[in-house]
Amino acid sequence: MNLDTTLIKEVASNHAIGTNVHEQYYDVNRNIFYRGLGVSYSYIYDVCEKLNRKSVLDFGAGIGTSRFVYDTKPRTFDHSMCDMIDHSWRDDENVFFDNVRTELGYECINAGNLTGNDFILDTDLKFDCVIFFRFPPLTNGVIDATHIRKKMQPYITDDCIFLYANSHLYYERNYPFFTQPGVTIEYEETPLVIASF
């Protein structure tokens with residue numbers, strides 16, 4: 001798959017300088033991290049289209065790679081991004097994400113802390129698909145599928161499908177999420193696994 005992620009790599013790398021963010025965002029000499037994110041979103045979008053989704057939300061949009069990939073090859077669904085505005089969680093990284101998305105001209109819906117008691121999503125839109133890609137609270141078992149669906153009820157359609165994508169390593173190690181009842185593996189090829197719930 002040929003996906004040129006040079007632009008988002010350069011913007012993110014420039015904003016990473018002097019900021020307390022994970023070292024992966026300083027990928028100045030390589031394009032592997034950014035290209036990997038881009039290719040992963042391409043496969044996630046293939047699943048969205050296979051499942052005939054019409055309004056897709058990327059939850060926890062990070063540096064906006066999902067929008068970058070969508071703009072590179074528009075799909076049959078509408079695309080939105082949101083990110084949690086709880087700056088007590090990785091404060092510098094949240095500012096970094098905001099700065100990268102702003103420079104790229106990407107709009108992002110504000111979201112409350114999904115693991116907190118007063119979750120809100122600052123939109124009137126309803127989504128029939130929500131993507132969680134390497135989403136730490138779900139990856140680390142801080143929140144489960146049942147609680148996600150309950151908290152997002154005002155913002156989703158009745159037939160909403162949630163997608164969770166992560167490294168194949170988590171799947172190989174029998175990460176409990178992938179073996180829970182109601183979870184379906186939609187795509188599995190190293191290094192990516194995509195599950196629906």
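A salt bridge here is a side-chain nitrogen of Lys or Arg within 4 Å of a carboxyl oxygen of Asp or Glu. Keep that in mind for the views below, which show a predicted model where local features need pLDDT of at least 70, side-chain atom pairs count only at pLDDT 80 or more, and totals for chains, interfaces and linings use all residues. Residues are numbered from 1 along each chain as its sequence is written, and side-chain values use heavy atoms, with hydrogens and water left out.

View 1. A search of the whole structure finds seven salt bridges. In one of them, Arg75 pairs with Asp46, and their closest N and O atoms are 2.8 Å apart. Together, Asp46, Glu49 and Arg75 are linked in a network of salt bridges. How accessible is Arg75? Its relative accessibility is 12%, so Arg75 counts as buried (buried means under 20% relative accessible area, exposed over 50%, and partly exposed in between, with a 1.4 Å probe and protein chains only). Asp46, at 34%, is partly exposed, and so is Glu49, at 27%.

View 2. Helix 2 covers residues 32-50. An α-helix has 3.6 residues a turn, so residues three or four places apart point the same way. Just after helix 2, Asn52 takes a positive phi of about 60 degrees, although Asn52 is not a glycine.

**View 3. Arg53 reaches Asp159.** The side chains of Arg53 and Asp159 meet in a salt bridge, 3.9 Å from N to O. Arg53 lies in the loop between helix 2 and strand 1, Asp159 lies in strand 5, and the two are 106 residues apart. Arg53 counts as buried at 8% relative accessibility, whereas Asp159 is partly exposed at 45%.

**View 4. Strand 4 and its two partners.** Strand 4 (residues 127-133) is mostly covered, with seven of its seven residues buried. Strand 1 (residues 55-59) pairs with strand 4 in the parallel sense over four bridges (two strands pair if DSSP finds at least two bridges between them). Across this pairing, Leu57 stands opposite Val130. Strand 5 (residues 156-167) also pairs with strand 4 in the parallel sense, over six bridges, and there Phe133 stands opposite Ala165.

**View 5. Backbone details in two loops.** Most residues other than glycine have a negative phi, and most peptide bonds are trans. Arg134, in the loop between strand 4 and helix 5 (136-139), has a positive phi of about 50 degrees. Arg134 is partly exposed, at 36% relative accessibility. Elsewhere, a cis peptide bond joins Thr190 and Pro191, with omega about 10 degrees. Pro191 is found in the loop between strand 6 (184-189) and strand 7 (192-196).
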